[in-house]
Amino acid sequence: RNVYYATFGTMMSGQDTRLATIDAVSGAVSHSRSIGSDPRALALSSDGGTLYVGLNGSGEVVRLSLPTMQEVARVRLPVLQFWGQLHAEDIAVSPVSADELAVSLVRPGVSPRHG
C-alpha cells in the first residue's frame, strides 16, 4: 500500500498514544487513531490486511483490520505471580495465515528479561 505505520504522542500514564498511517512518498499522515497505552511492537501480515500492535501499558496485543484500522480483537498477555504483567517485545505474523502469530514476551524491569 506504500505506507508506513508508526505510533506517536505521549507516553504518560493514563493517556493514549496514537497509531498513524504515513504516506511513504509525501510523508503526510493520512490516518491516525487512538490505540491504547504505550504501543511498542508492530507486525504486519504478509497480505497487508492485518496489523498487530503490542500495548505495553496494558499488556495486550491488539489486532487491527487494514486499511480502516478497525479493531478486530484484543488479547491480554499473561501476568506472572512474581514478575507481574508480561509485554510483547516483538511480534511475528505467519507468512501463511494472518490469524497466526508469535509473540516474544518480556518481563519489564527484571534481568534477564526473557528468563
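Buried means under 20% relative accessible area, exposed means over 50%, and partly exposed lies in between, with a 1.4 Å probe and protein chains only; by this scale Arg-74 is partly exposed at 35%. This is a predicted model, in which local features need pLDDT of at least 70 and side-chain atom pairs count only at pLDDT 80 or more, whereas totals for chains, interfaces and linings use all residues. Residues are numbered from 1 along each chain as its sequence is written, and side-chain values use heavy atoms, with hydrogens and water left out.

**Salt bridges**
- The structure holds four salt bridges, each defined as a side-chain nitrogen of Lys or Arg within 4 Å of a carboxyl oxygen of Asp or Glu.
- Glu-60 and Arg-74 pair through their side chains at 2.9 Å, N to O; because Glu-60 lies in strand β6 (residues 60-65) and Arg-74 in strand β7 (residues 70-76), the pair ties together parts that are 14 residues apart in sequence.
- Strands here are DSSP runs of E with at least two residues, numbered from the N terminus.
- Asp-99 and Arg-63 form a salt bridge at 2.6 Å, N to O, which links the loop between β10 (87-93) and β11 (101-106), where Asp-99 lies, to strand β6, which holds Arg-63, 36 residues apart.
- Asp-38, buried at a relative accessible area of 16%, meets Arg-40 in a salt bridge of 2.8 Å, N to O.

**A buried strand residue**
- Thr-50 lies in strand β5 (residues 50-55) and counts as buried at 7% relative accessibility.
- Beyond residues up to four places away in sequence, Thr-50 touches several residues, including Arg-63 and Ala-98, where contact means heavy atoms within 4.5 Å.

How values were computed:
Helices (H or I, at least four residues) and strands (E, at least two) are DSSP runs, numbered from the N terminus.
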